[in-house]
Amino acid sequence: GGTMTVSKSYTIPALATYTVSYDANGGSDAPLSQKKYHGKNLTLRSTKPTRDGYTFKNWLSSAQSKNYDPGDLYGYNAATTMKAQWTAITYTVKYNANGGSGAPSNQTKTYGKTLTLSSVKPTRESYSFLGWATSANATEAAYTSGASYEDNNNLTLYAVRELDYKEPRGIIGFAKRLNDEGTSAIFSISWECDPSTTVKSIKYRYKKATDAESAYTAYNAIN
């Protein structure tokens, strides 16, 4: 009926540990490394690295080729490097026909990469397309179709044009006095103009040598 106490010492080995490190992969401010114990889950750090021109997507574990978000549980019993995965920021290039039609579709510009502008040219009756500018009132083109765009910004381009119309130039063919007093005369006028221009009427000015002001008369054109 007595009690006997036996005492013995045992050595219990510590749990194996694994290092979880972080690689910013071209960025900065990667979290500090962590220690993971065998059989235990580790809560990954919530800190996100940064990188110019990119947004952080997630982590890729080198031990598993598996993606993790910040704050996820890591339960795999192996050391690993969490490598940052990035998504490049994109920008939109828009085209405005600026009174015409047939503007190109929007394009997407990726950070750090050169974009080739659309080769599509908008049209407008009686105007020639010169190129693109960042202002609707521009008279000179800053970009041509198919040019390179390297800035990392959103952009709206407006069509720049010049008027095709050229004013007709009159040429006197001949003039003939019908009386000695010079009060009556007849003369012939021809003109030259841009081939695409249709002349609908002719207006000419005339005056006597003694007149201060010239008068004008308009006639229908004979093509």
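Leaving out neighbours within four places in sequence, Q107 is in contact with Y91, T92, V93, Y95, L115, T116, L117 and S118, where contact means heavy atoms within 4.5 Å. This is a predicted model, in which local features need pLDDT of at least 70, side-chain atom pairs count only at pLDDT 80 or more, and totals for chains, interfaces and linings use all residues. Residues are numbered from 1 along each chain as its sequence is written, and side-chain values use heavy atoms, with hydrogens and water left out.

- Q107 belongs to strand β9 (residues 107-110); strands (E, at least two residues) and helices (H or I, at least four) are DSSP runs, numbered from the N terminus.
- Q107 has a relative accessible area of 18%, so Q107 is buried. Buried means under 20% relative accessible area, exposed means over 50%, and partly exposed lies in between (1.4 Å probe, protein chains only).
- The side chain of Q107 makes a polar contact with the side chain of Y95 at 2.4 Å. A polar contact is a pair of N or O atoms within 3.5 Å; within protein, one must be able to donate a hydrogen and the other to accept it, and residues adjacent in sequence count only if both atoms are side-chain atoms.
- The Q107 side chain also reaches the backbone nitrogen of S118, at 3.1 Å.

**The chain as a whole**

- The protein chain has 17 strands and zero helices.
- Of the 223 residues in the protein chain, 23% are buried.
- Among contacts in the protein chain with a separation of 6 or more, 48% are between residues 24 or more positions apart.

**Strand β4 and its partners**

- Strand β4 (residues 54-61) runs antiparallel to β7 (residues 80-88), and seven bridges join them. Two strands pair if DSSP finds at least two bridges between them.
- Three bridges join β4 to β5 (residues 66-68), and these two strands are also antiparallel.
- W59 stands opposite A84 in β7 and opposite Y68 in β5.
- The hairpin of β4 and β5 has four residues between the strands, and S65 in this hairpin takes a positive phi near 55°.

**Aromatic rings**

- The whole structure holds eight aromatic pairs. Rings of Phe, Tyr and Trp (its six-membered ring) pair if their centres lie within 6.5 Å; planes under 30 degrees apart count as stacked, over 60 as edge-to-face and the rest as tilted.
- Y54 and Y111 form an edge-to-face pair, with 5.8 Å from centre to centre and 70° between the planes.
- This pair links distant parts of the chain: Y54 is in β4, Y111 is in the loop between β9 and β10 (115-116), and they are 57 residues apart.
- Y54 has a relative accessible area of 25% and is partly exposed; Y111 is partly exposed at 25% relative accessibility.
- Y22, F56, W59 and W86 form one aromatic cluster.

**Charges over rings**

- R51 lies over the face of Y54, 3.9 Å from the ring centre. A charge sits over a ring if NZ of Lys or CZ of Arg is within 6 Å of the ring centre and within 35 degrees of the ring normal.
- The charged end of R124 sits over the ring of Y127, at 4.3 Å from its centre.

**Positive phi angles**

- Most residues other than glycine have a negative phi.
- N25 is not a glycine, yet has a positive phi of about 55°. N25 lies in the loop between β1 (17-23) and β2 (34-37).
- S126 has a positive phi near 75° and lies in the loop between β10 and β11 (127-133).
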